[in-house]
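Thanks, everyone. Please look at the screen while I walk through a few local features.

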Amino acid sequence: LQWWRGEIDRLVAGRPSHPLASALLPLRDRRDVDLALHHEMLVAADLDLARMTYSTWQELDAYLVRSAGIAQTLIAAVLAGERGLAPAEREFARRLGAALRQCEMLFELDRDLARGRLYAPTTALEAVGLAPEAFVQDRRTPAARSFVAGWQDRVQSELALLPAILAEPALRSAQRHGLVLAALHARWLETRSAVSAPAGGPRPELGAFTRLWTAWRTALHHG
């Protein structure tokens with residue numbers, strides 16, 4: 001991670017050495033594309049390695065923005081082009097990234113806990129009568145099942161609200177990739193039960209036709 005911090009600084013200065021960073025170099029002078037934001041993604045990686053826990057949904061959201069919202073913001077800025085990133089697009093990208101990362105958390109819940117990573121806010125767990133330690137040990141209790149189902153509902157509601165952030169048709173057209181991602185993840189969550197599969201087991205995937213149909217229909221709707 002320390003090496004990558006230096007590489008991001010080199011990228012910002014226009015002299016990267018890694019092939020991936022070199023591939024990003026043409027974006028350096030694009031409007032609203034701040035390549036230094038990649039540092040925030042490294043902060044999120046540090047938090048993961050430290051197995052950081054989060055007390056509130058607000059604290060978790062700060063991590064989510066660093067972990068995935070930054071990447072979506074950079075993508076949105078590239079797609080916005082020379083007109084620049086509208087405030088609505090910036091908000092959309094931030095919230096899209098946060099929602100997508102939470103989808104991953106829900107599907108990888110048992111695997112993350114097995115690695116010592118608890119992302120569920122501790123005060124939210126305690127508010128429904130769950131000690132964090134008990135949640136780590138058993139997600140099959142009624143209280144744990146209810147919490148996970150509520151978290152899933154929370155993410156599904158956020159995914160459903162995302163299109164409304166882009167009120168102007170031109171913005172929706174420009175950010176169709178994000179709207180397609182939101183629709184695909186919403187369908188993905190529909191395949192998930194309130195409790196994740198046992199650690200090491202396969203996670204449900206959308207069928208090829210469902211992915212194609214959902215993506216096509218969403219892109220057409222927002223074109």
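Let's begin with Pro16, which sits in the loop between helix 1 (2–13) and helix 2 (19–24). A word on the ground rules. This is a predicted model, where local features need pLDDT of at least 70, side-chain atom pairs count only at pLDDT 80 or more, and totals for chains, interfaces and linings use all residues. Residues are numbered from 1 along each chain as its sequence is written, and side-chain values use heavy atoms, with hydrogens and water left out. Helices are DSSP runs (H or I, at least four residues), numbered from the N terminus.

Back to Pro16. Is Pro16 buried or exposed? Its relative accessibility is 18%, so Pro16 counts as buried. Buried means under 20% relative accessible area, exposed means over 50%, and partly exposed is in between, with a 1.4 Å probe and protein chains only. Leaving aside residues up to four places away in sequence, Pro16 touches Glu7, Arg10, Leu11, Ala21, Ser22 and Leu25. Contact here means heavy atoms within 4.5 Å. Ala80 is 64 residues from Pro16 along the chain, and their C-alpha atoms are separated by 25 Å.

Next, two loop residues with positive phi. Asp32 is found between helix 2 and helix 3 (38–49). Its phi is near 65°, a positive value in a residue other than glycine. Asp32 has 33% relative accessibility, so it counts as partly exposed. Arg51 is in the loop between helix 3 and helix 4 (57–80). Phi of Arg51 is near 55°, again positive in a residue other than glycine. Arg51 is partly exposed too, at a relative accessible area of 45%.

Now the helix packing. Two packed helices are described by the angle between their axes and the distance between the axes. Helix 9 (residues 142–165) packs on helix 11 (residues 176–190) at an angle of about 150°, with the axes 10 Å apart. Axes are lines fitted to C-alpha atoms, for helices over the stretch in contact, and angles run from 0 to 180 degrees between N-to-C directions. So helix 9 is roughly antiparallel to helix 11 (angles over 145 degrees count that way; under 35 is roughly parallel, 65 to 115 roughly perpendicular, the rest oblique).

Which residues make the contact? Helix 9 brings Gln152, Val155, Gln156, Leu159, Leu162 and Pro163. Helix 11 brings Leu179, Ala182, His185, Ala186, Leu189 and Glu190. These divide into 8 nonpolar, 3 polar and 1 charged. Ala, Val, Leu, Ile, Met, Phe, Trp, Tyr, Cys and Pro count as nonpolar, Asp, Glu, Lys and Arg as charged, and the others, Gly among them, as polar.

Last topic: the rings. How many aromatic pairs does the structure hold? There are 9. Rings of Phe, Tyr and Trp (its six-membered ring) pair if their centres lie within 6.5 Å; planes under 30 degrees apart count as stacked, over 60 as edge-to-face and the rest as tilted.

Phe107 and Trp188 are stacked, because their ring centres are 4.0 Å apart and their planes are at 10°. Phe107 lies in helix 5 (residues 87–107) and Trp188 in helix 11, 81 residues apart. Phe107 is buried at 5% relative accessibility, and Trp188 is buried at 9%.

Phe135 and Phe147 have ring centres 5.7 Å apart and planes at 75°, so that pair is edge-to-face. Phe135 is in helix 8 (residues 132–137) and Phe147 in helix 9, so the pair ties together parts 12 residues apart in sequence. Both Phe135 and Phe147 are buried. Ring pairs also link Trp57, Phe135, Phe147 and Trp151 into a cluster.
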